[in-house]
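This report goes through selected side-chain contacts, a surface patch and one annotated region. Please read it alongside the sequence and the structure shown here.

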Amino acid sequence: MQKSPEFAKELLRALRGRSELKSDITKTELHDFWCRMTDSCYYSRIQIFFDMCDRDMDGSIDELDIKQMILLSASTNKLSLTHEEVEEYAALIMDVLDTDELGYIDLPQVETLLKIGLSKDQSLATAPHSMTSHRHDRLGFGPSGPNRNPMLRGEALLRANWRRVWFVLLWLIVCLVLFTWKFIQYRQRAAFEVMGYCVCTAKGAAETLKFNMAVILLPVCRNTVTWLRTSHPINSVIPFNDNINFHKLVASGIVIGVILHGGIHLVCDFPRISGSDWSIFRQTIGARFQYHQPSYIDILATIEVASGITMVILMAVAFSLATKWPRRQSSPLPRSVRRVTGYNTFWYSHHLFVFVYALLIVHSMFLFLTNNVYEKTTWMYIAFPVLLYTGERIFRAVRSGFYNVKILRASTYPGKVLFLSFSKPDGFVYRSGMSIYVQCPQISPFEWHPFSLTSGPNEDHLSVHIRSLGDWSYDLYSIFQEALLSRANKYPKLYIDGPYGAASQDYVKYDIVVLIGLGIGATPFLSILKDVMHKMDSEIDTGEYRHTKGPSKAYLFWVTREHSSFAWFQDFIRDVSKKTSQNQWAVEMHNFLTCMYKEDDARAALLSAIQVLYHAKRGTDIISKTPVRTHFARPNWFRIFLKLSRRHRGARIGVFYCGASGLARELESLCTKFSTKTATRFVFHKEHY
């Protein structure tokens with residue numbers, strides 16, 4: 001009640017049984033109120049709710065009382081209702097309950113009203129025996145299919161993560177082999193007599209640095225990664241969905257390598273060179289220094305060391321600005337720091353690596369411990385990745401210039417969401433779940449930002465939904481809003497690049513998919529649902545099952561905190577609902593509004609009842625304004641997964657998620673749990689941006 005002061009005030013008035021309110025409560029009153037509210041008798045609670053509605057305490061509730069209660073419930077649940085809507089909902093209640101046309105309702109009618117609200121089915125709807133269920137039976141995923149035995153937890157984790165595990169192990173093994181090889185090599189050299197194991201460790205770390213500076217470019221070669229995804233044998237063993245995570249992992253390996261290589265040189269190797277015995281120095285490494293024993297300062301002034309220190313400084317700047325808090329301008333950072341951080345700072349600072357790679361070549365050419373060209377192998381490591389990445393950047397720039405994109409439609413929605421529809425360029429072929437990069441030269445000629453395609457592959461246009469979450473997207477929203485208000489239909493020039501692969505693209509591997517989006521995170525899944533519906537349309541048109549690749553059943557769980565968010569995808573939801581009403585059960589949608597209280601909460605009970613009555617009469621939900629009814633409060637994911645595991649016993653279900661990391665951990669844990677406890681297999685995928 002702390003979050004609902006107005007509702008609490010009305011509850012207190014109802015409990016006291018009179019309209020006036022005192023500012024304090026006695027112990028006796030508190031005990032009496034507590035007993036009445038916690039009474040196990042259902043009818044005592046209905047009486048309390050009745051008293052809350054009956055503001056004039058005359059023992060009956062008229063239409064005005066209902067209007068006031070609707071407004072109170074709506075404001076408590078942060079729901080905006082117009083005067084006309086309140087009038088319509090109150091009249092609907094009176095029309096249904098006041099059958100004798102007395103102009104009021106009493107306690108029995110209120111009980112009926114509350115039971116209507118609680119009767120709303122919050123479970124997954126049961127699909128009828130349709131073409132989809134026949135298809136499940138043929139694939140062995142229906143009740144008549146095989147009943148697999150539950151797995152052990154270790155087996156489930158291994159099945160879900162084996163590609164990540166072997167790939168990371170391979171990377172670690174290569175790093176360890178390179179380190180050991182160079183360590184042993186320098187253990188047998190004359191330099192060991194002067195610097196000992198310090199030089200062995202530093203040179204071993206240097207060898208891993210060469211390797212990692214080459215590998216770190218490969219995961220961000222977008223076109224190459226997208227192309228490799230299309231190969232089933234390669235995609236089945238390499239975890240392309242974790243390319244950004246692997247990029248970060250290699251970056252951490254570079255940090256460790258820099259600390260070992262540079263740190264040991266500075267605190268161990270260089271002091272030993274400048275302070276070693278002259279005779280030992282002359283007999284071992286003196287020739288490399290023209291038999292002049294350098295001081296510590298002399299060593300720091302060499303091209304090798306100066307270039308290395310410069311590299312470390314540039315890398316420290318780029319790495320620091322690429323971490324989570326500076327990149328997202330997080331609140332824990334001081335305000336003065338937040339002003340100079342953000343995505344743009346991260347993006348531009350990352351291009352310091354152009355100078356880092358140039359300095360890396362210079363650094364490797366002036367080694368003072370060796371004069372053999374065949375040992376200066378840095379260029380051999382980085383030549384191919386640098387050329388590949390450079391070629392990709394040139395290809396992307398040229399391709400985006402050739403794409404002739406015309407904006408067909410632009411719309412703005414509540415929550416600063418911009419919808420854009422483009423003409424599809426010639427030769428632009430993509431799959432559901434893919435994304436494109438968008439550039440607006442009017443804002444910046446250098447910035448490209450990724451957005452999921454919300455159009456289906458079979459459609460003759462491209463579309464994206466962009467929510468203003470940063471300075472670039474906010475500027476883009478403002479420009480288009482100004483263009484729409486001027487009605488000049490002169491939109492700014494946009495360039496697109498793509499398409500690029502994403503985790504959602506793997507939905508075709510499963511016969512059942514569960515798509516979970518938080519807020520604007522639902523965008524990657526709209527294209528998937530359109531594709532599923534299109535394939536189902538084709539099967540119905542031909543009248544036969546054609547064994548098309550992809551899911552035959554898709555569940556969408558869209559969770560949002562503001563009811564105005566439903567305006568973003570209203571047209572899409574209406575279209576899908578219209579098709580599912582025509583005996584197509586390929587798609588099942590569930591919307592959740594988290595700012596509302598649960599249906600069995602007194603603060604939302606009246607709205608729940610109105611929702612049921614209005615949907616029965618008009619076929620439209622009072623919140624989403626679509627045929628899909630909205631669930632109140634947060635989803636009970638455990639219950640949802642339980643029902644899915646029972647409905648699709650023995651199936652392999654792909655769970656795709658786009659949203660905050662906190663829920664991702666919960667969903668991944670549930671996938672593992674139900675894969676080990678039931679015969680259904682849940683495989684978790686998360687979008688990474």
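## Aromatic pairs across the chain

Trp171 is buried, since its relative accessible area of 8% falls under the 20% that sets the limit for a buried residue. The model is predicted, and the values that follow are to be read as computed from its atoms. Phe246 is likewise buried, with a relative accessible area of 12%. The structure holds 31 aromatic pairs, and one of them is formed by Trp171 and Phe246, whose rings are arranged edge-to-face at 6.3 Å centre to centre with 80 degrees between the planes. Trp171 belongs to helix H8 (residues 153-187) and Phe246 to helix H13, so this pair ties together parts of the chain that are 75 residues apart in sequence.

Phe557 is buried at a relative accessible area of 1%, and Trp637 is buried at 5%. These residues, Phe557 and Trp637, form an edge-to-face aromatic pair, with 5.9 Å from centre to centre and 70 degrees between the planes. The pair links distant parts of the chain, because Phe557 sits in strand S10 (residues 553-560) while Trp637 sits in helix H26 (residues 637-647), 80 residues apart. Ring pairs also connect Phe270, Trp278, Phe281, Phe289, Tyr296 and Phe368 into a cluster.

## The disulfide and other cysteines

How many disulfides does the model contain? The count comes to 1 disulfide, and it joins Cys198 to Cys268 with a sulfur-to-sulfur distance of 1.8 Å, which is within the 2.5 Å cut-off applied to cysteine sulfur atoms. The link of Cys198 and Cys268 is right-handed, with 75 degrees about the S-S bond.

Cys175, by contrast, is in no disulfide, and the nearest cysteine sulfur, that of Cys221, is 18 Å away. Cys175 counts as buried at 11% relative accessibility, whereas Cys35 counts as partly exposed at 35% relative accessibility.

## A nonpolar surface patch

Which residues make the nonpolar surface patch of about 560 Å²? The patch is made by Ile303, Val362, Met365, Phe366, Trp379 and Met380. The elements that give two or more residues to this patch are helix H20 (353-365) and helix H21 (378-402).

Phe366, one of the residues of the patch, lies in the loop between H20 and H21. With a relative accessibility of 43%, Phe366 counts as partly exposed, because that value lies between the limits of 20% for buried and 50% for exposed residues.

## An annotated region

For residues 400-506, an unreviewed UniProt entry lists the feature "domain: FAD-binding FR-type", and this assignment comes from that record. Over residues 400-506 of the model, the chain is 18% helix and 34% strand. The C-alpha atoms at the ends of this stretch of residues 400-506 are 26 Å apart.

Note on methods. Residues numbered from 1 in each chain as written. Heavy atoms only, no water. Buried < 20%, exposed > 50% of the residue type's maximum accessible area, 1.4 Å probe, protein only. UniProt positions renumbered as here; feature names shortened; annotations may be inferred. Helix = DSSP H or I, 4+ residues; strand = E, 2+ residues; numbered from the N terminus. Patch = residues over 30% accessible without salt bridge, like charges linked within 9 Å, V, L, I, M, F, W, Y side chains within 5 Å. Areas by Shrake-Rupley, 256 points an atom, 1.4 Å probe, with all protein chains shown as cover. Salt bridge = Lys/Arg side-chain N within 4 Å of Asp/Glu carboxyl O. Phe/Tyr/Trp six-rings, centres within 6.5 Å; stacked < 30°, edge-to-face > 60°.
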